[in-house]
Amino acid sequence: MSEPSAPIRYFCPQCWAEVAAQAPRCAACGADLTGRPAYRQALEWALRCPEALTARRAAYLLGRLGDRRAVPALIEALKQGDPYVAAEACAALAQLGGKTAWSAVREARTHAYATVRVVALALWKQHARSS
Ligand SMILES: [Zn+2]
């Protein structure tokens, strides 16, 4: 007797809708599923992954990547969803630096989630001390 095999489910890397196995495009958002997105782009999409741990890892990696083009996506992640994703996005913004990123960190000191406020406040204090 063989084990029933679990079906593999596929998800659009851009909008996270479930897609058919060999689908060339996502039916929900129209994303091209035939190629591989650039690394930074894939991480920015991963910020919207419904699995918070994946989104959080993406935020962390975007901070480490050091490419300020990720700032708008991180600001979006900071403003919505899971508090731990938002806190990680806040830390990534501080790591990337620049006027826009620091402005978002400053604003996050009054974030709805205490988890985010604590991170933002600590980062902002450190930033204010060093500049
Ligand atoms: Zn999609």
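This is a predicted model: local features need pLDDT of at least 70, side-chain atom pairs count only at pLDDT 80 or more; totals for chains, interfaces and linings use all residues.
Figure 1. The backbone of W16 has a positive phi of about 70°, although W16 is not a glycine. Is W16 buried, exposed or partly exposed? Around W16 there are 19 other C-beta atoms within 10 Å. A buried residue needs 20 or more such atoms and an exposed one has 12 or fewer, so W16 is classed as partly exposed.

**Figure 2. The chain and its order of elements.** The chain contains six helices and two strands. The C-alpha atoms occupy a box of roughly 65 × 30 × 20 Å along the principal axes. The chain has 131 residues, of which 30% count as buried. When contacts between residues at least 6 apart in sequence are considered, 44% of them link residues at least 24 apart.

**Figure 3. The largest nonpolar core.** This core consists of 31 residues. The residues with the most contacts inside the core are A59, L74, A77, A89, C90 and L93. Helices α1 (39-46), α2 (52-65), α3 (71-79), α4 (83-96), α5 and α6 each contribute at least two residues to the core. Which helix gives the most to this core? That helix is α4, with ten residues. For L74, the residues touched are A59, L62, A89, A92 and L93, when residues up to four places away in sequence are left out.

**Figure 4. The packing of α4 against α6.** Two packed helices are described by the angle between their axes and by the distance between those axes. For α4 and α6, the axes come within 8 Å and cross at roughly 10°. An angle under 35 degrees counts as roughly parallel, and α4 and α6 are therefore roughly parallel to each other. On the α4 side, the contact is made by P83, Y84, A86, A87, C90, A91 and A94. On the α6 side, the contact is made by T115, V116, V119, A120, L123 and H127. By class, the contact of α4 with α6 has eleven nonpolar residues, two polar residues and no charged residues.

**Figure 5. The packing of α5 against α6.** Helix α5 (residues 99-107) packs with helix α6 (residues 114-130) at an angle of about 130°. The axes of α5 and α6 are 8 Å apart. How are α5 and α6 oriented to each other? The two helices α5 and α6 are therefore oblique to each other. The crossing of α5 past α6 is left-handed. Helix α5 supplies W102, V105 and R106 to the contact, and helix α6 supplies A120, L123, W124 and H127. Five of the residues in the contact of α5 with α6 are nonpolar, one is polar and one is charged.

**Figure 6. The surroundings of L65.** Residue L65 belongs to helix α2. With 16 other C-beta atoms within 10 Å, L65 is partly exposed. Apart from residues up to four places away in sequence, L65 touches R40 and A70. The C-alpha atoms of L65 and W124 are 21 Å apart in space, and these two residues are 59 residues apart in sequence.

Technical notes
Residues are numbered from 1 along each chain as its sequence is written. Helices (H or I, at least four residues) and strands (E, at least two) are DSSP runs, numbered from the N terminus. Two residues are in contact if their C-beta atoms, placed from the backbone, lie within 7 Å. Axes are lines fitted to C-alpha atoms, for helices over the stretch in contact, and angles run from 0 to 180 degrees between N-to-C directions. Angles under 35 degrees count as roughly parallel, over 145 as roughly antiparallel, 65 to 115 as roughly perpendicular and the rest as oblique. A crossing is left-handed if the near helix is turned anticlockwise from the far one by less than a right angle, and right-handed if clockwise. Ala, Val, Leu, Ile, Met, Phe, Trp, Tyr, Cys and Pro count as nonpolar, Asp, Glu, Lys and Arg as charged, and the others, Gly among them, as polar. A nonpolar core is a set of buried Ala, Val, Leu, Ile, Met, Phe, Trp, Tyr and Cys residues joined through C-beta atoms within 7 Å.
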